[in-house]
Amino acid sequence: MLEVGKEAPDFTLQDQDGNERKLSDYRGRRVILYFYPKDNTPGCTKEACSLRDNKPVFDNLDAVIIGVSKDSTASHQKFIANQNLNFTLLSDPEHKVMEMYGAWGEKNMYGKITMGTIRCTYIIDKNGIIEKVYKKVNTATHGEDVRKYLEG
């Protein structure tokens with residue numbers, strides 16, 4: 001995981017529509033950059049909907065939500081349509097950005113060690129500096145948790 005106070009590494013990934021997006025394109029706004037394992041799964045859906053439901057507050061606070069998973073752009077389109085998501089999802093199929101941010105690594109599922117996405121969120125300030133890291137995420141309340149933090 002990257003540390004608070006460090007510059008958030010820039011990257012370029014495709015969004016759900018196949019457009020290239022750079023983290024640096026969002027300079028001047030706060031960024032809620034969250035990494036999640038898989039579109040249209042129960043925990044990831046709860047987390048995305050929790051963020052979706054708080055988006056009007058994030059908009060008022062000049063903060064943008066960006067989700068990243070290894071799913072394809074087509075999968076992201078379905079996830080957005082199924083859940084009426086109102087923010088950008090980026091595709092990182094080779095998990096290069098996830099690795100850069102410490103969101104890819106060993107996971108222990110029922111005693112079996114596998115490699116996969118480590119759910120986490122970074123709040124990045126308007127200058128591109130990491131201001132908060134969520135290493136443990138409650139998927140049901142994550143949007144509210146981030147909202148409370150951003151509201152001070």
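1. Let's start in a loop: Asn 127 sits between β8 (120-124) and β9. Helices and strands here are DSSP runs numbered from the N terminus, helices being H or I with at least four residues and strands E with at least two. Asn 127 is exposed, because its relative accessible area is 57%; buried means under 20%, exposed over 50%, and partly exposed in between, with a 1.4 Å probe and protein chains only. Along the sequence, Asn 127 and Glu 7 are 120 residues apart, yet their C-alpha atoms are 8.4 Å from each other in space.

2. A word on what you are looking at. This is a predicted model, where local features need pLDDT of at least 70, side-chain atom pairs count only at pLDDT 80 or more, and totals for chains, interfaces and linings use all residues. Residues are numbered from 1 along each chain as its sequence is written, and side-chain values use heavy atoms, with hydrogens and water left out.

3. Now the overall layout. The protein chain has four helices and nine strands. Read from the N terminus, their order is β-β-β-α-β-α-β-α-β-β-β-β-α.

4. On burial and surface: 47% of the 152 residues of the protein chain count as buried. The chain exposes about 7,600 Å², and carbon and sulfur atoms supply 46% of that. These areas come from the Shrake-Rupley method with a 1.4 Å probe, and for residues only the protein chains shown count as cover.

5. Contacts next, meaning heavy atoms within 4.5 Å. Among contacts in the protein chain with a separation of 6 or more, 64% are between residues 24 or more positions apart.

6. Glu 131 belongs to strand β9 (residues 130-134). Setting aside neighbours within four places in sequence, Glu 131 is in contact with Val 4, Arg 30, Ile 123, Ile 124, Asp 125 and Tyr 149. Its C-alpha atom is separated by 10 Å from that of Leu 150, which is 19 residues away along the chain.

7. Over in helix α3 you will find Met 100. Met 100 counts as partly exposed because its relative accessible area is 35%. Leaving out neighbours within four places in sequence, Met 100 is in contact with Leu 2, Pro 9, Asp 10 and Phe 11. Ala 8 is 92 residues from Met 100 in sequence, and the two are 9.7 Å apart in space, C-alpha to C-alpha.

8. Asp 62, in the loop between α1 (42-60) and β4 (63-69), has a phi near 55°, a positive value in a residue other than glycine. Asp 62 counts as partly exposed, at 28% relative accessibility. His 95, in the loop between β5 (88-91) and α3 (96-100), also isn't glycine and has a positive phi, near 45°.

9. Is Thr 117 buried or exposed? Thr 117 counts as buried, since its relative accessibility is 3%. The residue is found in strand β7 (residues 112-117). Beyond neighbours within four places in sequence, its contacts are Phe 35, Tyr 36, Pro 37, Met 98, Ala 103, Trp 104 and Lys 107.

10. Thr 117 turns up again in the lining of the largest pocket, along with Met 1, Pro 37, Lys 107, Ile 118, Arg 119, Lys 135, Lys 136 and Val 137. On a 1 Å grid over the protein atoms alone, a pocket is an open set of points with protein on both sides within 12 Å along at least five of seven lines, a cavity is a set where a 1.4 Å probe fits but cannot get out, and lining residues have an atom within 4 Å of a point. About 170 Å³ of space lies in this pocket; grid points are joined across faces, edges and corners, and a volume is the space filled by probe spheres set on the points. The lining has four nonpolar, one polar and four charged residues. Here Ala, Val, Leu, Ile, Met, Phe, Trp, Tyr, Cys and Pro count as nonpolar, Asp, Glu, Lys and Arg as charged, and the others, Gly among them, as polar.

11. How many cavities of 30 Å³ or more does a search of the whole structure find? The search finds one. The largest cavity has a volume of about 60 Å³, and its lining includes Asp 10, Tyr 26, Ile 124, Asp 125 and Gly 128. By class, that lining divides into four nonpolar, two polar and five charged residues.
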